[in-house]
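Subject: Structure handover

Hello,

Here is the structure we talked about. Please open it next to this message; my notes on the ligand site follow.

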Amino acid sequence: MTDSCLTVSGRRKLSGEIKVQGCKNSALPCLTACLLCEKGRCRLKNCPRLTDVENTAEILETLGCRCAFCEQEKIIETDAENVFGTAIENEMMNRMRSSILFMGAMLSRNGEADLGYPGGCEIGLRPIDMHLGAFRRLGVKIEEEGGMIRCRARSGLKPAQVPLLCPSVGATENIMLLMAKSDGETVIRNAAREPEIVDLQNFLNAMGADIRGAGSDVIVINGVKRLRGAEFEIMPDRIAALTYMSAAAACGGKIYLKDVNPEHLSICLAVLRDMGAEIKITADSVSLEMKGRPRAVKRIKTLYYPGFPTDAQPAFMAAMTIAKGATVFVESIFENRFRHAPELVKLGADIDVNICHAIVRGRECLSGADVRAFDLRGGAAMVIGGLIADGTTCVSGAQHIERGYEDIAADFEALGADIKKNC
Ligand code: UD1
């Protein structure tokens, strides 16, 4: 993979208005769900054009599902009437974590799936044991050999009660994809409650599925015989919105974000208010004004939704490097999600990491340096570090950032930042 970089000149206040992109973590499962549609076409509106979406579309194409992207209108149209593929090469599986969702979608469509283990950001072990356990319970025969997973459901899926050991987003989505077309009732207990699960439920129901309960911890799937084409609008990206808000809280200024659902952000908006930001919301926008340095917040612990999202932890950590006081971050979802901390230290931040805790003691300023993005959200934190710091910061490994942000440089430039690609 070619290495790309972003060069950031820091110490500018942010001000201006941007429209927040469609949600990556909703677009990926919804796009995968298009494979289930035997008749008609699906149209996903507000679909962000980013590497993970392109990789998902590429997998769909190799399975025989045609995908057309209409860039201007952010619409992707799929036609899965002639799907023939039942296998995905390791190299494609490796590009992102959400490729595991094809296990449920391919089994539903063809009764078989041969695939490798998924890749994605290196932020912890990220096992798939819950996906496999649930699938076995639902009648799928699974053999694992030589790094490949061979799944068969030809003798029929067996709807059942599926309790999840923890509310895994991916496992919840995979079960919904597997069982939307089935003969009977499947109940997921301790399901993930993230808004992206609600989006997937709504899209599948628009295709003719009968699924209830998404957004709560019990999801009931009444299997239907077939699904048809549908049009659906992807929700706004809450993590992208939080990236821009935490940057503005650190740099100061006033920003206005359009296409945001503030209901999805309530915990983080409370944290931003505690940091000293003045926030106004409407049904689909947020404005944030920050004067002076942010205040530290005693403790930020990542939790499953509706708790503080692990995906926003790196950006908030970057903002807290110049807060007045110390903030303790507790990462309770992933074991290895502080790789951005030593990079922020290169910019002069004062951070001590101790397995799943990080103590950030705010400094008055940071200074520019060469840093590296090791994963998607950690990369966004490096950009925020660069925006805070005096002088120039070069963020290498920016291809990780491109997996989840359509154009982070253009967005920050629209907010008055000085940030350039590949120079
Ligand atoms: C999704 C999001 C990711 C986010 C994460 C947690 C997508 C494409 N990605 O990832 O951005 O950071 O939710 O909000 O939507 N686990 C197991 N066994 C399993 C599955 C998960 O032990 O079979 C563990 C994981 O290691 C982790 C926890 O469960 O500790 C939560 O993971 P999960 O919710 O599954 O995350 P993803 O779906 O991979």
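A polar contact here means a pair of N or O atoms within 3.5 Å. Keep in mind that this is a predicted model.

Asn 25 has a side-chain N or O atom 3.1 Å from a ligand oxygen. For Arg 97, the distance between a side-chain N or O atom and a ligand oxygen is 2.9 Å. Ser 168 places a polar side-chain atom 2.6 Å from an oxygen of the ligand. On its own, the ligand has 740 Å² of accessible area, and the protein covers 88% of that.

Where does the ligand sit? The space it takes is the largest pocket.

Next, the shell. The ligand is surrounded by 19 residues. Asp 129, Ser 168, Val 169, Asp 311 and Ile 333 are the closest. Sorted by class, the shell holds eight nonpolar, six polar and five charged residues.

Which helix gives the largest share of the shell? That is H5, with three residues. Helix H5 spans 129–137 and helix H6 spans 169–179; each supplies at least two shell residues.

Both domain 1 and domain 2 take part. Each gives at least three residues to the shell around the ligand. Domain 1 is made up of 5–20 and 236–422, while domain 2 runs over 24–233.

When you go through the site, start with Asn 25, Arg 97 and Ser 168. Then move on to H5 and H6.

Best wishes

Definitions and conventions. Residues are numbered from 1 along each chain as its sequence is written. This is a predicted model: local features need pLDDT of at least 70, side-chain atom pairs count only at pLDDT 80 or more; totals for chains, interfaces and linings use all residues. Side-chain values use heavy atoms; hydrogens and water are left out. A residue is near a molecule or strand if one of its heavy atoms lies within 4 Å of it. A polar contact is a pair of N or O atoms within 3.5 Å; within protein, one must be able to donate a hydrogen and the other to accept it, and residues adjacent in sequence count only if both atoms are side-chain atoms. Accessible areas come from the Shrake-Rupley method with a 1.4 Å probe; for residues, only the protein chains shown count as cover. On a 1 Å grid over the protein atoms alone, a cavity is a set of points where a 1.4 Å probe fits but cannot get out, and a pocket is an open set with protein on both sides within 12 Å along at least five of seven lines; lining residues have an atom within 4 Å of a point. A molecule sits in a cavity or pocket if more than half of its atoms lie within 2 Å of its grid points. Helices (H or I, at least four residues) and strands (E, at least two) are DSSP runs, numbered from the N terminus. Ala, Val, Leu, Ile, Met, Phe, Trp, Tyr, Cys and Pro count as nonpolar, Asp, Glu, Lys and Arg as charged, and the others, Gly among them, as polar. Domain bounds come from an automatic or database domain assignment.
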